[in-house]
Amino acid sequence: MLFMPTVRMLETSIWVPRTREELFPFFADAANLNVLSPPWLDFRIVTPLPIEMKRGALIDYRIGLKGVPMKWRTLISAWEPPVRFVDEQIRGPYSLWRHEHIVEPDRGGTNCIDRVSYSHWGGPIAERLLVRPDLERIFAYRREKMAE
């Protein structure tokens, strides 16, 4: 029997005092991924900028996880301005990566929700010691930058 990695979820959110119509253009500019990525991730967009964000867009990156350089390619599988978009890993370190970005009006501002479904090889030990702590650090950094 073939072992399949467990699908896990991570959801974070931050409230921002801007309307989603003001905020969504920030997400529509792929270069802002650099702003939202922590320096220790060694994140670099390889696809020439500017990138037209739309359903079907492919974006190539290079990242460094624990000092190991990796290629990452995502597909924008849903693009629904100013409500949401989804990027899905085509190639990269995960066996599954689906990141839904939801932008909801809330209390005169906007609630920005990141909902990630992911799986990886290595089982629960890798999850507990490596993967989940890194993801939580990445999304904590992202929330800090969104607050700015």
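How many helices and strands does the secondary structure of the protein come to? There are 3 helices and 7 strands; helices (H or I, at least four residues) and strands (E, at least two) are DSSP runs numbered from the N terminus. This is a predicted model, in which local features need pLDDT of at least 70, side-chain atom pairs count only at pLDDT 80 or more, and totals for chains, interfaces and linings use all residues. Residues are numbered from 1 along each chain as its sequence is written, and side-chain values use heavy atoms, with hydrogens and water left out.

**View 1. The whole chain.** Starting at the N terminus, you can follow the elements in the order β-α-α-β-β-β-β-β-β-α. The radius of gyration is 15 Å, close to the 15 Å that the globule rule gives for 148 residues, so the protein is as compact as a globular protein of that length. This radius is taken over C-alpha atoms, and the globule rule is 2.2 Å times the number of residues to the power 0.38.

**View 2. The largest nonpolar core.** A nonpolar core is a set of buried Ala, Val, Leu, Ile, Met, Phe, Trp, Tyr and Cys residues joined through side-chain atoms within 4.5 Å. Buried means under 20% relative accessible area, exposed over 50%, and partly exposed in between (1.4 Å probe, protein chains only). Of the 33 residues in the largest core, Phe27, Met53, Trp97, Tyr118, Leu135 and Met146 touch the most other members. Helix α3 gives the largest share, 5 residues.

**View 3. Around methionine 146.** Contact means heavy atoms within 4.5 Å. Not counting residues up to four places away in sequence, methionine 146 touches Ile14, Val16, Leu23, Phe26, Phe27, Leu36 and Cys112.

**View 4. Aspartate 134 in helix α3.** Look for aspartate 134 in helix α3. With a relative accessible area of 11%, aspartate 134 is buried. Its contacts, leaving aside neighbours within four places in sequence, are Trp40 and Lys66.

**View 5. Two cis peptide bonds.** The bond from leucine 49 to proline 50 is cis, with omega near -5°; proline 50 sits in the loop between β2 and β3. The bond from proline 81 to proline 82 is also cis, with omega near -5°, and proline 82 lies in the loop between β4 and β5.

**View 6. Positive phi in two loops.** Aspartate 42, in the loop between α2 and β2, has phi near 50°, a positive value in a residue other than glycine. Aspartate 42 is exposed, at 54% relative accessible area. Arginine 107, in the loop between β6 and β7, has phi near 50° and is exposed at 64% relative accessibility.
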